[in-house]
There are 4 protein chains.
Amino acid sequence: MTAIMKSFASDNNSGVHPLIMKALAAANAGHALAYGQDSLTERALARFKDIFGQEAEAFFVFLGTAANVLSLKALLKPHQAAICAASAHINRDECGAPESIAGCKLLPVQTEDGKLTVEAVRPFLGDLGFEHHSQPACLSITQSTELGTLYTPEEIRTLADFAHENGLRLHMDGSRLANAAAALGVDLAALSVEAGVDVLSFGGAKNGMMFGEAVVFFEPDLAKDFKYIRKQGMQLASKMRFLAAQFEALLDDELWRKNASAANQAAAMLAKTIKDIPGVRITRPVSVNAVFAEIPPRTVEALRREYFFYIWDQTRTEARFMTSFDTSEEDVAGFAAALRQASKTPQTPSANKKPRGKNS
Amino acid sequence: MTAIMKSFASDNNSGVHPLIMKALAAANAGHALAYGQDSLTERALARFKDIFGQEAEAFFVFLGTAANVLSLKALLKPHQAAICAASAHINRDECGAPESIAGCKLLPVQTEDGKLTVEAVRPFLGDLGFEHHSQPACLSITQSTELGTLYTPEEIRTLADFAHENGLRLHMDGSRLANAAAALGVDLAALSVEAGVDVLSFGGAKNGMMFGEAVVFFEPDLAKDFKYIRKQGMQLASKMRFLAAQFEALLDDELWRKNASAANQAAAMLAKTIKDIPGVRITRPVSVNAVFAEIPPRTVEALRREYFFYIWDQTRTEARFMTSFDTSEEDVAGFAAALRQASKTPQTPSANKKPRGKNS
Amino acid sequence: MTAIMKSFASDNNSGVHPLIMKALAAANAGHALAYGQDSLTERALARFKDIFGQEAEAFFVFLGTAANVLSLKALLKPHQAAICAASAHINRDECGAPESIAGCKLLPVQTEDGKLTVEAVRPFLGDLGFEHHSQPACLSITQSTELGTLYTPEEIRTLADFAHENGLRLHMDGSRLANAAAALGVDLAALSVEAGVDVLSFGGAKNGMMFGEAVVFFEPDLAKDFKYIRKQGMQLASKMRFLAAQFEALLDDELWRKNASAANQAAAMLAKTIKDIPGVRITRPVSVNAVFAEIPPRTVEALRREYFFYIWDQTRTEARFMTSFDTSEEDVAGFAAALRQASKTPQTPSANKKPRGKNS
Amino acid sequence: MTAIMKSFASDNNSGVHPLIMKALAAANAGHALAYGQDSLTERALARFKDIFGQEAEAFFVFLGTAANVLSLKALLKPHQAAICAASAHINRDECGAPESIAGCKLLPVQTEDGKLTVEAVRPFLGDLGFEHHSQPACLSITQSTELGTLYTPEEIRTLADFAHENGLRLHMDGSRLANAAAALGVDLAALSVEAGVDVLSFGGAKNGMMFGEAVVFFEPDLAKDFKYIRKQGMQLASKMRFLAAQFEALLDDELWRKNASAANQAAAMLAKTIKDIPGVRITRPVSVNAVFAEIPPRTVEALRREYFFYIWDQTRTEARFMTSFDTSEEDVAGFAAALRQASKTPQTPSANKKPRGKNS
């Protein structure tokens with residue numbers, strides 16, 4: 001009833017992984033101190049230290065927007081700015097929350113592939129010390145990016161070194177860090193703390209959790225005000241144990257990697273299956289769980305009758321198809337068949353109306 | 001393991017009601033559109049219209065701080081102010097979120113019982129039109145109040161009429177509205193829309209939900225920007241169905257009333273059981289699920305070894321004991337026995353150190 | 001034409017002292033670098049170091065609201081709070097600017113005389129470290145206060161020591177610091193840097209300048225972001241030399257003290273002259289340039305035909321009469337005569353309508 | 001001493017026009033009600049109605065940053081956005097004040113000439129109604145632009161119609177509107193209210209005033225909260241008459257046009273005089289009082305010994321030279337001679353170090 005067919009719109013259209021549902025049920029035993037003073041939260045936080053090092057200080061929040069915006073609030077004063085890709089979620093898809101809640105400015109960098117580089121960032125540092133301009137104080141990168149691309153550990157390290165040499169911090173929006181780590185075959189730490197990242201938004205909801213994201217500081221000093229920032233930022237859960245239980249389950253036996261790998265593999269299969277459909281052209285490398293493809297405009301309406309998905313770039317009918325931890329081979333086959341079928345539809349005037357932007 | 005003995009610290013130390021856990025599990029079937037575009041959310045929102053009238057527009061958010069602060073943001077411009085009791089949660093327990101996130105000022109009114117009255121509010125309206133002063137534009141009341149007191153429907157109506165005659169709006173922090181309705185034996189609408197309230201924060205987490213609160217606008221015009229305010233306010237859940245499912249279960253067969261009644265009755269029983277313990281004095285009428293009582297200072301440390309609770313007023317060792325939907329007769333009896341036992345402890349110098357304020 | 005009779009409404013109804021007008025004219029010679037890079041600004045800033053010590057870093061802004069609010073912004077993070085008297089200008093007369101612009105909360109203390117004391121402030125520190133509450137991080141006092149009272153150097157030192165012992169800073173709203181120093185016969189430094197104040201808003205416009213206020217930090221570290229805070233706070237004057245020239249003239253030969261003394265003496269004379277008018281009662285000690293007096297309600301309308309002034313407390317028709325650097329003996333005599341005459345007016349029903357609050 | 005040689009850095013390096021100094025002196029007669037309740041302010045505001053129509057509501061503020069940012073605050077809610085040229089002062093030179101003070105987002109448009117067009121703006125409207133994205137609610141254009149270009153009345157009308165058809169407002173940063181009107185030979189109204197502008201920042205300080213800017217609303221409804229926005233925005237002058245007197249003088253006998261014409265003519269003369277200096281290339285049309293020119297890198301250091309100016313684009317040593325109301329033929333001749341002389345300097349390694357951006 002609530003359920004629809006598997007969606008290829010976003011990985012947040014999926015439900016909750018059974019092991020995480022089980023953990024939620026188990027956590028529901030009697031009373032526990034509120035606001036994170038409970039033993040389950042203590043245990044889950046310790047798991048973050050196991051993974052990211054003993055200096056790592058994690059804080060659970062409800063959602064990715066909050067993880068990103070409050071990370072920026074912890075790093076930036078209002079007269080400071082974060083440099084990010086123009087396509088970054090914080091720039092395009094937070095309805096101005098960084099500006100309104102953190103009070104800071106974003107300095108968007110035009111990119112081809114959603115990735116910052118030292119060359120692209122350097123010109124923004126010319127204003128350091130000049131009071132008329134917002135002062136760049138952090139770089140924010142997304143891993144994997146909104147365009148389905150990846151930073152290698154070396155690329156992250158290069159950006160981190162450049163940032164630190166110039167007195168800036170490096171923030172990583174890791175709402176899909178698990179997908180990146182799975183794709184690259186490395187640990188979560190290798191892409192974050194070990195590569196020089198200062199603050200990480202670590203995603204849960206797109207990888208099988210019901211809700212929840214963690215802000216992880218890799219330098220204790222950066223975390224010292226965060227309990228207040230989280231509370232004032234309207235993200236301090238009273239029944240914290242239900243956030244903690246989910247994270248614990250996600251980290252247990254690398255469930256995060258299993259989920260992310262499954263999603264990545266489904267995307268690879270999808271790309272392979274649809275790439276020879278007439279009029280379909282895969283437009284970007286398929287590295288994680290997103291497939292970007294130009295599709296015939298006439299297919300949009302027909303396909304939408306069965307599946308919801310987003311058109312990323314309307315000017316060329318470039319769709320973004322995303323897979324989830326629970327996207328099965330059958331789901332992929334069914335979707336590919338529907339696209340193939342739709343590609344045979346004759347074009348009609350109304351076939352391509354308002355397929356609007358993405359939503360994360 | 002996570003579980004501790006029943007807590008008397010706050011109703012948010014409780015877990016999740018079994019019917020709500022069941023609803024969560026049922027909602028976890030396949031994929032659903034994100035951000036509230038799913039059928040379960042549609043259905044739950046319709047339930048709010050059934051209860052509060054067809055003009056009611058409800059929006060789910062993660063927690064009470066957000067429900068209150070974003071309600072104020074919807075009602076107030078930054079040069080405007082909300083008048084509230086000095087003891088109100090928005091004034092004391094949101095770490096400055098109304099000021100920082102909504103940008104507005106709070107005008108705190110000193111009260112004995114946590115309740116606003118026309119007489120107490122009127123002097124604050126003398127500044128209307130005077131640009132040097134924040135302009136009062138809404139009253140915010142809590143039902144039931146932070147001091148365990150209640151507004152009758154008539155009292156709410158009187159405040160609403162006064163507010164409206166002066167061009168102000170009436171906001172209700174109803175994180176414990178269910179407890180009030182259960183205590184007064186009336187419907188939720190009778191205490192809100194029918195009594196002239198304009199915007200309601202309707203609580204879930206303190207009454208058996210895992211997380212979640214609803215902002216309910218009773219005039220569609222007030223709601224028109226709220227989808228943006230919620231998104232920018234970092235409260236737009238991607239997997240919205242899991243908020244919707246909980247609310248649907250809470251509203252089904254008036255589960256909200258059953259839960260609230262159980263908590264209220266446990267408090268009544270607790271008050272009755274402890275009131276004749278030597279040195280214990282019930283300090284406020286027990287109308288809902290809070291018992292305020294002066295206790296012998298020497299009991300605090302001993303009792304804390306087994307139970308967590310808050311000292312409301314340290315100057316006279318006034319404790320606040322709160323009961324929950326799942327507080328049983330045995331829990332009450334056990335707690336009362338522990339308090340009785342502790343009251344026999346001889347006083348020691350260290351017995352009364354820093355029992356800090358409440359946390360909701 | 002613009003001129004009206006001498007006003008007793010506020011010291012900002014006065015014009016500009018002739019020596020300051022002369023300094024403005026002299027500063028208008030040719031071109032000068034903008035934004036404070038000019039030699040006149042450099043010279044004026046050096047004067048502040050002469051007066052307040054070599055560590056003092058002064059920044060000119062346009063007005064007192066900005067000096068106060070941006071001082072708070074420099075001292076406080078949004079999750080922090082300033083403790084101030086409920087009657088403080090920052091709490092009552094900035095239209096919520098501290099909350100909206102600095103994003104912080106004010107914790108108002110009820111006082112009789114507008115002065116903070118350690119006893120009154122101490123209870124607000126109970127919440128340090130508790131994330132649900134705004135964290136007190138500074139005390140803000142006004143010298144002389146909005147009620148015409150004074151802090152002695154020792155009283156300031158006591159508050160400063162208490163603040164510093166508790167990790168707080170001490171801010172002084174010194175929009176009338178000159179009047180205080182003149183009244184106490186001490187230097188500006190004795191009431192600020194030497195008494196432990198961390199940041200001072202030093203007033204100009206109420207003491208003979210056309211516009212302008214200085215924010216003075218007594219610890220260089222506190223000043224390090226202020227050039228950005230001032231620019232973002234919309235207070236960086238392009239033609240800064242015209243602020244500098246006024247301050248230079250005000251500091252030359254202690255013009256500030258001469259102006260303030262003249263105003264103080266006029267107030268003393270006014271109090272003496274009116275105190276025996278029937279129905280008039282001086283309600284507060286006259287220490288600086290404000291006279292608070294209950295006057296017969298029937299006199300208000302009659303007196304207002306000739307003079308503008310504010311009713312401070314309508315419930316008892318307590319007026320505030322303020323004198324300026326240029327209030328002459330004749331002005332005082334004339335005003336006193338008018339009040340005496342008005343006191344003979346028979347009472348009429350409309351005689352006391354809407355005499356609204358103060359405006360600084 | 002304060003005076004330096006005529007600067008070609010910015011028109012705000014100039015002093016105050018003698019007629020304006022005279023008006024300031026005349027305004028300094030006795031007392032006047034504060035905060036704009038005086039007759040001089042009333043008279044000056046009436047002058048704005050004479051010029052811009054009886055519906056025009058003007059408000060004086062201290063500086064251009066405030067005029068722009070508070071205009072945006074009046075037009076936008078925090079979830080809304082202003083579309084502007086990437087080169088706009090509000091985007092580049094306010095240290096993030098629009099974001100921090102108005103809480104809104106800016107959507108920068110890349111342009112060649114600093115001018116918005118319907119074609120460039122249209123793609124930004126695709127997100128209207130989509131809650132994940134900041135909602136465009138106004139266009140902000142600068143007249144004359146930061147690049148010295150002009151909008152014709154027809155171009156403004158086209159943008160205004162487009163904005164209004166899409167539910168947006170049109171804001172004009174007119175800090176140099178006088179220069180534009182003088183160059184185009186039209187009235188101030190023809191470029192603003194008559195062309196469809198909704199809110200105008202009208203500049204004074206760059207055209208001969210000591211300080212001051214006016215925010216002019218052309219629809220009374222838009223102005224209704226502005227008295228609060230100005231006060232909270234720390235821009236309500238106590239001695240308002242000194243702002244009013246300057247504006248009155250500037251508007252008298254079109255002093256604004258005389259001043260602006262003088263500056264424009266000086267720029268034209270400068271361009272003509274330097275354009276054949278070897279290595280100098282005028283890079284943009286000289287329409288108002290700015291001359292953009294590539295100059296030999298080796299000339300920068302030598303020329304800076306005598307004159308201050310800004311390098312606009314370091315990559316090609318493009319300088320911006322600005323003239324003022326008081327730039328004389330001799331000043332131009334002297335500057336041109338210095339540039340010519342400098343162009344003969346042999347290049348040295350240190351000759352071109354960090355000539356930083358513009359500052360208005």
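How much area do chain C and chain D bury between them? In this predicted model, the two chains bury about 5,200 Å², and 61% of that area lies on carbon and sulfur atoms. The contact draws on 63 residues from chain C and 65 residues from chain D.

On the side of chain C that touches chain D, two or more residues come from each of α1 (18-27), α2 (39-52), α3 (64-75), α5 (97-102), α9 (226-232) and α10 (241-251) of chain C. Of these elements, α3(C) gives the most, with five residues. By residue class, this side of chain C comprises 31 nonpolar, 22 polar and 10 charged residues.

The interface of chain A and chain B was examined in turn. Here, 65 residues of chain A are in contact with 64 residues of chain B. The buried area is about 5,200 Å², with carbon and sulfur atoms giving 61%. Two salt bridges are found across the interface of chain A and chain B; Glu94(A) forms a salt bridge with Lys231(B), in which the closest N and O atoms are 3.7 Å apart. The side of chain A that touches chain B divides into 33 nonpolar, 22 polar and 10 charged residues.

Within chain A, a further interface lies between two domains. Domain 1 covers 6-13 + 256-342, and domain 2 covers 18-253. The centres of domain 1 and domain 2 of chain A, taken over C-alpha atoms, are separated by 27 Å. The contact involves 21 residues of domain 1 and 24 residues of domain 2. Together these domains of chain A bury about 1,800 Å², of which 53% comes from carbon and sulfur atoms. Trp256(A), Arg257(A) and Val288(A) supply 35% of the area that domain 1 buries against domain 2, more than any other three residues.

Two salt bridges are found across this domain interface of chain A. Asp11(A) forms a salt bridge with Arg176(A), the closest N and O atoms being 2.7 Å apart. On the side of domain 1 that touches domain 2, α11 (255-274) and β11 (318-322) of chain A are the elements that give two or more residues. The largest share, eight residues, comes from α11(A).

Definitions and conventions. Residues are numbered from 1 along each chain as its sequence is written. Chains are lettered from A and ligands numbered from 1 in the order in which they are written. This is a predicted model: local features need pLDDT of at least 70, side-chain atom pairs count only at pLDDT 80 or more; totals for chains, interfaces and linings use all residues. Side-chain values use heavy atoms; hydrogens and water are left out. Contact means heavy atoms within 4.5 Å. Buried area is the accessible area (1.4 Å probe) that two parts lose on being put together, summed over both. Helices (H or I, at least four residues) and strands (E, at least two) are DSSP runs, numbered from the N terminus. Ala, Val, Leu, Ile, Met, Phe, Trp, Tyr, Cys and Pro count as nonpolar, Asp, Glu, Lys and Arg as charged, and the others, Gly among them, as polar. A salt bridge is a side-chain nitrogen of Lys or Arg within 4 Å of a carboxyl oxygen of Asp or Glu. Domain bounds come from an automatic or database domain assignment.
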